[in-house]
Amino acid sequence: MRRFIVLIGICLLVVFTAVVVWAQQQPSGANQFQAFREKHKYTFQLMQMVRHIGEINKDKKYTLTPEQAKKVLAVLKPLRSKPKLTQDEAKKALKDLKPIFTAAQLNAMARIKPKFEQRRSPGGPPGGPGEQQRRPPQNAERRRPNLNAMKDFNPFYSKVPKGDERAAERVKRMNEFFTTLEKKANSKKTK
């Protein structure tokens, strides 16, 4: 009986140790990504602003004028040809973009929730109805980006590395954004 209790104690200790080691390893990827986001905060802020520009442009109340679209293109289009974007360049682009918009447009941008918050149902799990079909199975292997290879990454770069599906999707979204702005910039202002 005593050997049995000692054996159970050893098993519990091994399981406890494994759980502690596993728990310590889990957040390291999240911590690395958080540190990466902080190091590239101006790039992420610029990405967010571009998403917000696209969102307000869909609303007739806040849509960009042709003149505003031209100015936004003048700031962002040169970034499309650069494979790397430094924090100084991203910060300058943010600084150059803000004066283009009216106070009402900037306030509308500030009210836009981050993507991950938009997917949550009030008081419920992330995603709301239908998200279960979109989520990969729990045991599916999730490809994590190589943060070391992404030093000074440029989310506006227009070239897709061979076989990079994420980059292809990003470039597709950026192409749509720039096409919409170019149409707006070339349109006549209607009253």
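Helices (H or I, at least four residues) and strands (E, at least two) are DSSP runs, numbered from the N terminus. The model is predicted: local features need pLDDT of at least 70, side-chain atom pairs count only at pLDDT 80 or more, and totals for chains, interfaces and linings use all residues. Residues are numbered from 1 along each chain as its sequence is written, and side-chain values use heavy atoms, with hydrogens and water left out.

The chain holds eight helices and zero strands. From the N terminus on, the order of elements is α-α-α-α-α-α-α-α. Buried residues (under 20% relative accessible area; exposed is over 50%, partly exposed in between; 1.4 Å probe, protein chains only) account for 28% of the 191 residues in the chain. Contact means heavy atoms within 4.5 Å. Among contacts between residues at least 6 apart in sequence, 73% join residues at least 24 apart.

Lys188 has a relative accessible area of 72% and is therefore exposed. Its C-alpha atom is separated by 7.2 Å from that of Pro66, 122 residues away along the chain. Pro66 belongs to helix α3 (residues 66-76). Buried residues in this helix are Pro66, Gln68, Ala69, Val72, Leu73, Val75 and Leu76. Their cover includes α2 (41-57), α4 (87-97), α5 (103-111) and α8 (165-186).

A nonpolar core is a set of buried Ala, Val, Leu, Ile, Met, Phe, Trp, Tyr and Cys residues joined through side-chain atoms within 4.5 Å. The largest such core has 29 residues. Leu46, Ile53, Ile56, Val72, Leu76, Leu97 and Phe101 touch the most other members. At least two residues of this core come from each of α2, α3, α4, α5 and α8. Neighbours within four places in sequence aside, Ile56 contacts Tyr62, Thr63, Leu64, Phe101, Gln105, Ala108, Met109 and Ile112.

Asn57 is found in helix α2. Asn57 counts as buried because its relative accessibility is 13%. With neighbours within four places again left aside, Asn57 is in contact with Thr63, Leu64, Thr180 and Lys184.

Aromatic rings were examined next. Rings of Phe, Tyr and Trp (its six-membered ring) pair if their centres lie within 6.5 Å; planes under 30 degrees apart count as stacked, over 60 as edge-to-face and the rest as tilted. This rule gives four aromatic pairs. One of them joins Phe36 and Phe44, edge-to-face, at 6.2 Å centre to centre and 85 degrees between the planes. Both Phe36 and Phe44 are buried. Together with Phe153, Phe36 and Phe44 form one aromatic cluster. Arg37 lies over the face of Phe44, 4.2 Å from the ring centre. A charge sits over a ring if NZ of Lys or CZ of Arg is within 6 Å of the ring centre and within 35 degrees of the ring normal.

Grid points are joined across faces, edges and corners, and a volume is the space filled by probe spheres set on the points. The second largest pocket has a volume of about 170 Å³. Its lining consists of Gln45, Gln48, Met49, His52, Leu94, Lys98, Leu106, Met109 and Ala110. α2 and α5 each supply at least two lining residues. α2 gives the most, with four.

Technical notes: 1 Å grid on protein atoms, 1.4 Å probe; cavity = no way out; pocket = protein on both sides within 12 Å on 5 of 7 lines; lining within 4 Å.
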